[in-house]
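Visitor: I am new to this structure. Could you walk me through how to read its features, one at a time?

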Amino acid sequence: FDDAVVCQMADDRYLVVVNAGMGMEISGHLRSQQKTGQQARVMDITVDTGKVDLQGPLAAKIVWKILKQPGTDLADFPYFAFKGSFDPDISGSSGVFLKDGTPVMLSRSGYTGEFGFEIFIARQSLKDLWLRLLEAGKDLGIKPCGLAARDSLRAGAGLPLAHQDIGNWIFLNNPWSFALPFNRDKPGFTKNFIGAHALLSARDPGYTYPFAGYDARKVSAGEALVMDGQDNEMGKVLTCVTDMGIDWDKGRIFRIGVGQGAGTPRPRGLCCGFLWLRSKVETGSEIVLRDKRRDIKACIVEQIRPGLTARRSLKEML
């Protein structure tokens with residue numbers, strides 16, 4: 001499946017973290033792959049689980065305020081690791097707890113490309129967690145944000161959205177090298193998996209690229225086409241959002257607080273996202289994005305928002 005992370009919670013228990021709307025579909029897929037005689041049991045716990053993402057440079061300072069043992073819980077905590085469990089049956093004495101003893105699973109992750117956490121908790125405790133975070137972060141400028149903000153941030157960070165950037169086309173030539181188990185020589189894989197043969201035998205699979213426009217204007221994703229300099233259609237726009245924290249300066253993209261030299265203006269925002277093209281193009285190629293409303297110029301880039309902070313050490317962020 002295209003948007004899942006698997007966490008080993010115990011010797012015999014795994015948690016598959018998926019896009020919330022995909023819980024039923026992915027749990028059904030897992031059940032369909034069970035072989036006769038296997039003892040594995042698949043449970044969809046979507047409706048019983050809550051999660052809040054806390055993202056940004058002050059996330060560690062806010063989380064510190066709500067944890068029962070922050071010094072222990074936040075020690076030796078690398079990017080994309082997790083600690084604790086929101087299931088009381090397996091949280092144990094070494095789990096992670098809020099100040100009132102509520103068990104949580106704390107993960108150093110989040111779909112923004114920036115430093116932060118995802119906090120998993122039993123559904124009945126979700127509202128209390130939300131209020132605790134708002135209280136703990138009020139003197140640090142915490143702000144509630146919805147999916148539109150997440151969509152802007154994840155696109156600027158170069159992260160795909162399932163069923164939009166990853167869809168019903170051959171997912172082979174794309175900027176997400178971590179998504180498929182390529183071997184060193186490419187295009188072979190280090191392991192076999194469902195769909196591997198279809199990928200390796202595909203003819204003319206197309207190419208997915210990140211892009212950045214030259215201002216904040218957008219086109220309609222899913223409807224807009226990609227045109228070359230001679231007005232020939234090249235492909236389609238998969239995602240187009242506006243990242244308000246970036247802009248161009250002297251031919252390079254800069255962001256708020258990172259890579260800004262003397263005299264660099266404050267970012268005004270750029271549209272950005274992903275394209276699917278029939279043919280390979282080079283980084284730096286200029287294209288035109290066209291929908292019913294407008295044409296906008298854009299550029300194929302290797303990286304959209306520079307200076308991502310997700311991998312910075314906890315010590316630095318505290």
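Visitor: What covers the buried residues of α6?
Guide: Start with the terms. Helices (H or I, at least four residues) and strands (E, at least two) are DSSP runs, numbered from the N terminus. Buried means under 20% relative accessible area, exposed over 50%, partly exposed in between (1.4 Å probe, protein chains only). Contact means heavy atoms within 4.5 Å. Here, the cover of the buried residues of α6 includes β10 (233-243) and β13. Those buried residues of α6 (147-156) are Asp151, Ser152, Arg154, Ala155 and Gly156. Just after α6, Gly158 has a positive phi of about 80°.

Visitor: What kind of model is this?
Guide: It is a predicted model: local features need pLDDT of at least 70, side-chain atom pairs count only at pLDDT 80 or more, and totals for chains, interfaces and linings use all residues. Residues are numbered from 1 along each chain as its sequence is written, and side-chain values use heavy atoms, with hydrogens and water left out.

Visitor: Which residues have the most contacts inside the largest nonpolar core?
Guide: A nonpolar core is a set of buried Ala, Val, Leu, Ile, Met, Phe, Trp, Tyr and Cys residues joined through side-chain atoms within 4.5 Å. The largest has 23 residues, and Leu106 and Phe117 have the most contacts inside it. Elements giving two or more residues to this core include β6 (103-107) and β7 (116-122). α2 gives the most, with five residues. A second, separate core has 17 residues, among them Val219 and Leu275.

Visitor: Where is Ser285 found?
Guide: Look in the loop between β13 (270-277) and β14 (286-290). Ser285 counts as partly exposed because its relative accessibility is 25%. Beyond its neighbours within four places in sequence, Ser285 is in contact with Ala298, Cys299 and Ile300.

Visitor: Is Pro144 buried or exposed?
Guide: Pro144 is at 54% relative accessibility, so it counts as exposed. Pro144 lies in the loop between α5 and α6. Leaving out neighbours within four places in sequence, Pro144 is in contact with Trp130 and Leu134.
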